[in-house]
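I opened a new notebook page for this structure. My plan was to look up a few places in turn and write down what I found.

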Amino acid sequence: MANSLQTPHSGYHWDGNGDRFFEGWYYRVTLPEWGQSFGFMYSIDDPIGGKPHSGGAAQILGAGDRYLWRTFPDVRSFWGARDYLGLGHARRTNGKHSCQRLAPASFEREMHEGYQATATLNQGYIQDPGSQFYCRWHYEIQPIYGWGNPNLPQQATGGLMSYLPIFEPGWQILMAHGLATGWIDWNGDRYNFTNAPAYSEKNWGRSFPQKWFWINCNSFICHPDLALTAGGGRRKVLWWMESVGLICLHYQGKFYEFVPWNSQVSWRVQPWGRWEMQARNHQFEILLIGKCDRSGTLVRVPTEEGLSFRCRDTMNGRLLLELREINGRTLLRAESFLCGLEVGGAPWDEAWVF
């Protein structure tokens with residue numbers, strides 16, 4: 001990513017300590033012409049090695065919300081850059097481990113299975129050994145929005161306090177919006193795309209969220225320059241738990257931020273099927289309504305017990321967004337049928353109202 005758009009927390013966080021630790025990255029590309037999205041989820045647990053949960057994984061939620069995953073137990077084959085967004089985990093064709101970034105052509109030639117990703121590249125190949133279902137992908141990314149006003153230094157999603165070991169886990173949107181060009185081979189169905197909406201984020205820490213939800217979309221009808229990320233969760237703060245949420249969007253070069261330190265944020269989220277959020281500050285108010293009539297797909301997330309199916313996702317949610325000035329004048333009304341919607345953790349026996 002261009003230096004002006006690199007966000008705080010872009011680098012790999014593990015400090016070499018043997019305590020329980022995870023770090024996860026999420027890359028998404030949306031293909032409006034096919035009505036599909038692909039979400040690539042990369043993670044590393046206890047990278048010191050030799051622990052019950054040490055190892056990495058790559059997961060993909062692809063066309064039709066179908067799920068594919070592969071583990072990479074050898075932590076020696078993982079690499080993460082400290083001062084910029086860069087990571088990879090792969091098996092060489094000669095069976096030796098590799099822990100460095102390669103030129104895309106060299107990666108294709110030398111790696112039997114795995115991935116590598118930066119702010120401007122996402123590339124890899126994984127295959128389910130049972131079903132033989134596979135995915136191969138390679139696309140370049142042009143960042144448009146990091147996190148914050150594009151003309152100012154980029155912001156930490158969790159605010160200034162995120163630089164201190166107070167909130168667990170940490171969360172950072174790395175790129176709110178970008179344009180991806182390349183291809184994805186989804187078990188023989190090849191998708192070639194140019195300037196497709198792209199997104200990336202990460203989380204990390206020694207503790208795990210108790211419960212959360214997530215709303216993400218940067219492919220709106222008639223609004224190609226609009227990117228939204230919102231969510232809420234129960235997280236650890238030193239020795240207690242708190243509920244916290246945010247709604248943030250980039251639109252026409254401006255960053256609209258509704259976060260706990262400048263806004264009132266509330267929500268009503270069902271165990272599945274409906275997500276409602278609203279927020280208000282001294283200038284604006286915003287309303288989100290997300291819906292999904294599909295059953296969604298279970299994906300694995302890091303937990304104290306390792307990767308577990310504690311999260312349900314869809315890439316084909318419906319979303320209505322309304323942004324208004326406090327005086328009631330509507331600034332923006334937008335819709336999408338390619339919204340990412342998610343609930344995770346527990347309990348989800350009834351609506352979560354905050």
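My entries follow, grouped by topic.

**Ground rules**

I worked on a predicted model, where local features need pLDDT of at least 70, side-chain atom pairs count only at pLDDT 80 or more, and totals for chains, interfaces and linings use all residues. Residues are numbered from 1 along each chain as its sequence is written, and side-chain values use heavy atoms, with hydrogens and water left out.

**Entry 1: the open sheet**

I began with the strands. I took strands as DSSP runs of E with at least two residues, and helices as H or I runs of at least four, numbered from the N terminus. Two strands pair if DSSP finds at least two bridges between them. Strands of a sheet pair through backbone hydrogen bonds, either parallel or antiparallel.

I found an open sheet of 11 strands. Its order reads β4-β3-β2-β1-β12-β11-β9-β8-β7-β6-β5, and the pairing is antiparallel. Which strands stand at the edges? They are β4 (67–72) and β5 (78–80). Each has a single partner strand, so one side of each is left without a neighbour in the sheet.

**Entry 2**

Strands β6 (residues 86–92) and β7 (residues 111–118) run antiparallel, joined by seven bridges. Gly88 faces Gln116 of β7. On the β8 side, Gln116 has Gln123 as its bridge partner. Four bridges hold the antiparallel pair β7 and β8. These two strands form a hairpin, with two residues between them.

Is strand β8 mostly covered or mostly open? It is mostly covered: six of the seven residues in β8 (121–127) are buried. I count buried as under 20% relative accessible area, exposed as over 50%, and partly exposed as in between (1.4 Å probe, protein chains only).

β8 also pairs antiparallel with β9 (residues 134–145), over seven bridges. This hairpin has six residues between its strands, and Gln132 in the turn has a positive phi of about 70°.

**Entry 3: Gln127**

I stopped at Gln127 in strand β8. At 22% relative accessibility, Gln127 is partly exposed. Its bridge partner in β9 is Tyr134. I listed its contacts (heavy atoms within 4.5 Å). Beyond four places in sequence, Gln127 touches Arg70, Glu113, Gln132, Phe133 and Tyr134.

**Entry 4: two buried side chains**

Ser54 lies in the loop between β2 (36–45) and β3 (55–61). Its relative accessible area is 18%, so Ser54 counts as buried. What does the side chain of Ser54 reach at 3.1 Å? It reaches the backbone nitrogen of Lys51. A polar atom of the Ser54 side chain also lies 2.8 Å from the backbone oxygen of Asp46. Polar contacts here are pairs of N or O atoms within 3.5 Å; within protein, one must be able to donate a hydrogen and the other to accept it, and residues adjacent in sequence count only if both atoms are side-chain atoms.

Thr30 sits in strand β1 (residues 22–31). Thr30 is buried, at 0% relative accessible area. Its side chain makes a polar contact with the side chain of Ser37, at 3.2 Å. Outside four places in sequence, Thr30 is in contact with several residues, including Ala196, Asn218 and Leu338.

**Entry 5: aromatic rings**

Last, I searched for ring pairs. Rings of Phe, Tyr and Trp (its six-membered ring) pair if their centres lie within 6.5 Å; planes under 30 degrees apart are stacked, over 60 edge-to-face, and the rest tilted. The whole structure gives 26 aromatic pairs. Trp267 and Phe354 make a stacked one, 4.5 Å centre to centre with 20° between the planes. The pair links distant parts of the chain, 87 residues apart: Trp267 is in strand β17 (residues 264–269), Phe354 in the segment after β23 (352–353). Trp267 is buried at 3%, whereas Phe354 is partly exposed at 47%.

Ring pairs also link Trp34, Phe38, Phe133, Trp186 and Tyr191 into a cluster. The charged end of Arg66 sits over the ring of Phe133, 3.8 Å from its centre. I used this rule: NZ of Lys or CZ of Arg within 6 Å of the ring centre and within 35 degrees of the ring normal.
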